[in-house]
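Please read this report alongside the sequence and the 3D view.

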Amino acid sequence: MSTEMKKVFSRPDSLKDVQTHFCPGCQHGTIHRLVAEAIDHFGIKDQTIGVASVGCSVFLYGYFDIDVIEAPHGRAPAVATGAKRVHPNRPVFTYQGDGDLAAIGTSEIIHTANRGELMTVIFVNNTTYGMTGGQMAPTTLPGQITSTTPYGRDVTKAGYPIKMAELLSGLDGVAYSVRVAVDTPKHVLQAGKAIRKAFETQLDGKGFAFVEVLSSCPTNWGMSPLAANERVGSEMIPYFPLGEYKDATGE
Amino acid sequence: MTKRLFVKGNEAVAMGALEAGCRYYFGYPITPQSDIPEYISRELPKLGGEFIQAESEVASINMLLGASACGARAMTSSSSPGISLKQEGISYMAGSECPGLIVNVCRSGPGLGGIDASQADYFQSVKGGGHGGYHIIVLAPDSVQEMYDMAILGFDLSDRYRVPAMILADAVIGQMKEGLEPHSYVAPDDLETKDWALIGDGKAGEQKIIKSLYLGDGELEAHNNHLHAKYAVMQEKEVRYEGIELDDAKLVVTAYGSTARIAKTAIRLARKEGMKVGLLRPITLFPFPKAAFKQCKRDGQRILCFELNNGQMVEDVRLAVRDVEVDFYGRAPGAGSLPTPEEFLAKIRSRYEA
Ligand SMILES: Cc1ncc(C[n+]2csc(CCOP(=O)(O)OP(=O)(O)O)c2C)c(N)n1
Ligand code: SF4
Ligand SMILES: [Mg+2]
């Protein structure tokens, strides 16, 4: 009888063998892994340039074994534009939170997408400002209690959650815009596929690719990891429907 | 024989930048510097470079940060309100030690102010502008030729020290036409390859990180001390100024940029009247020519500072000489007209005789 065991699960090459600072149940870690798997899949670890944003994902360089440039809050798409113009043959991606991309960085993301910059944007929507302690984000759901919406988000005063995947799909420069989640094994598989496709879109020179990933923030939602994971399915997905909003990669 | 051109200061600074090997420009239109993006958008594609008219000054400075992080010679240009918007990005460039050229064709403020020549942004340019207590190299050309020369010098200094460089001009220097003798760029021998940057096709082994975040115990303090040690070396080695008839001068006039041009005529007129007057024109506003001013103190000279503002550089002059009397004459931003040499001469006369 053979006792030899087959390794079926290992750390992607593009991720470092270090502990992350993410809170228990935070899905940034899962999303990091999916991005790393896509980089491994295409064998582009040594060429890829990651642009980190300001938020809980600021330590991108600590977890990915790739070249990284740190951008000011919201400006990752502009920094990535400068990098991509210098290195048109190197894959470039930004990794941004919802405060970073959909509030302070709205101008940069729209114009970068509109220019059709050949890059991949990973947008992590957790309906809050994780790093600064759970304030309202542009994606905070109606009625959601945060540290700056103590009575719940009042849409008549604070406006409505911004649907970035839909919004960007209206721009001609965008080749691929999709929303995914990582709350169930099925969704994780779909998310992995979407992220791969978003890199492929860039590698094939087809245009700007955008992946919105619904994510949990148990700490600032005041929930257990399990309950937070369930909230993604019960509250977020109904407001932020999953799916491909634009796929012009076949054209 | 070098050909002599007759061009605007804005064109000259653009020509100098391209000559220095700048192949990436990111900017947003604003008077009185729009000739720079217009010139570069025409010429850069011919050289295989990239020109982006960005959606804002905020975006353009961050594009510059990205290009610089990738080891390229890159630039942006703007004027006062736009430079205000770039300050966060400049602070990040300073913090992450990304070189790059920022041309500021200053106009009058505050707020939307006006589009006329002004030196209202000395404080903003020289004293940091953004957050965090950093310095950038600040060069103050006073002619079209110097706009060209300082684009080149700016890139060389910026790359050598990994400190962003700013050219602080104004509407007069940017818009006036003068003779220019362009010369070919020769890279200084001591400029090293940018091994710190994301150069080449990808990382060969070591991961490269361009960042300004330091959270480890004592890391940020060490980083700041490192930055300030570089500023000290620059203060030692990179000061540039022009001295005219300083040796026997009893009164030293000091002024930079467009104001220095007017002052040059004024001191010539003063000499004709028999007054022993010289000019000390700072060319590098940071590092500031402190030692040259200290020399005036040893020589017992009085100092008279002219600026197109309500008194900004004069503070640095006074700091450099302490107990020497430093007089100031300035015109508030938005005066609409420039001071005349005769106006300066009258001030020189009254100080000289006082
Ligand atoms: C100019 C500027 N404004 C504000 C901040 C403070 N700040 C840091 S992270 C952050 C929000 C992060 O939220 P998000 O982008 O959603 O990322 P998350 O932490 O949720 O992943 C803010 C407001 C900053 N660093 N810079
Ligand atoms: S605060 Fe929220 S987003 Fe940040 S690491 Fe913790 S769970 Fe994740
Ligand atoms: Mg968030």
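The sections below go through a predicted model, chain by chain and site by site.

## Chain A overall

Chain A contains 10 helices and nine strands. Its C-alpha trace spans about 55 × 55 × 30 Å along the principal axes. For 251 residues, a compact globule would have a radius of gyration near 18 Å, and chain A agrees with this because its own value is 18 Å.

Of the 251 residues in chain A, 55% are buried. Where contacts in chain A join residues at least 6 apart in sequence, 67% of them link residues at least 24 apart.

## Surroundings of ligand 1

Ligand 1 is surrounded by 17 residues, and the closest are A:Gly55, A:Gly97, A:Gly99, A:Asp100 and A:Gly130. Two elements of chain A give two or more residues each to this shell: α4 (98-104) and β5 (128-129). The largest share, three residues, belongs to α4(A).

Sorted by class, the shell around ligand 1 holds nine polar, six nonpolar and two charged residues.

## Surroundings of ligand 2

Which residues surround ligand 2? Counting along chain A, they are A:Phe22, A:Cys23, A:Cys26, A:His28, A:Cys56, A:Asn126, A:Gly130, A:Met131, A:Cys217, A:Pro218, A:Thr219 and A:Asn220.

Helix α9 of chain A, residues 218-221, supplies the largest share of the shell around ligand 2, with three residues. By class, this shell has seven nonpolar and five polar residues, and no charged ones.

## Chain B overall

Chain B has 12 helices and 16 strands. The C-alpha trace of chain B spans about 70 × 50 × 45 Å along its principal axes. A compact globule of 354 residues would have a radius of gyration near 20 Å; chain B has 20 Å, so the two agree.

Buried residues account for 53% of the 354 residues of chain B. Among contacts in chain B with a separation of 6 or more, 79% are between residues 24 or more positions apart.

## Helix α1 of chain B

Is helix α1 (residues 9-19) of chain B mostly covered or mostly open? This helix is mostly covered, with 10 of its 11 residues buried. The buried residues in α1(B) are B:Gly9, B:Asn10, B:Glu11, B:Ala12, B:Val13, B:Ala14, B:Met15, B:Gly16, B:Ala17 and B:Leu18.

After α1(B) comes B:Gly21, which has a positive phi, near 95 degrees.

## Domains of chain B

The domain assignment of chain B gives domain 1 (5-180) and domain 2 (241-353). Taken over C-alpha atoms, the centres of domain 1 and domain 2 of chain B are 26 Å apart. Their contact takes 26 residues from domain 1 of chain B and 21 residues from domain 2 of chain B.

On the side of domain 1 of chain B that touches domain 2 of chain B, at least two residues each come from β6 (114-117), α5 (122-126), β7 (137-139), β8 (165-170) and α7 (171-175) of chain B. Here α5(B) contributes the largest share, four residues. By class, this side of domain 1 of chain B has 15 nonpolar, eight polar and three charged residues.

Technical notes: Residues numbered from 1 in each chain as written. Chains lettered and ligands numbered in written order. Predicted model: local features only at pLDDT ≥ 70, side-chain atom pairs only at ≥ 80, totals over all residues. Near = placed C-beta within 6 Å. Nonpolar A, V, L, I, M, F, W, Y, C, P; charged D, E, K, R; others polar. Domains from an automatic or database assignment. Contact = placed C-beta atoms within 7 Å. Buried ≥ 20, exposed ≤ 12 C-beta atoms within 10 Å, placed from the backbone. Rg over C-alpha atoms; globule rule 2.2 N^0.38 Å.
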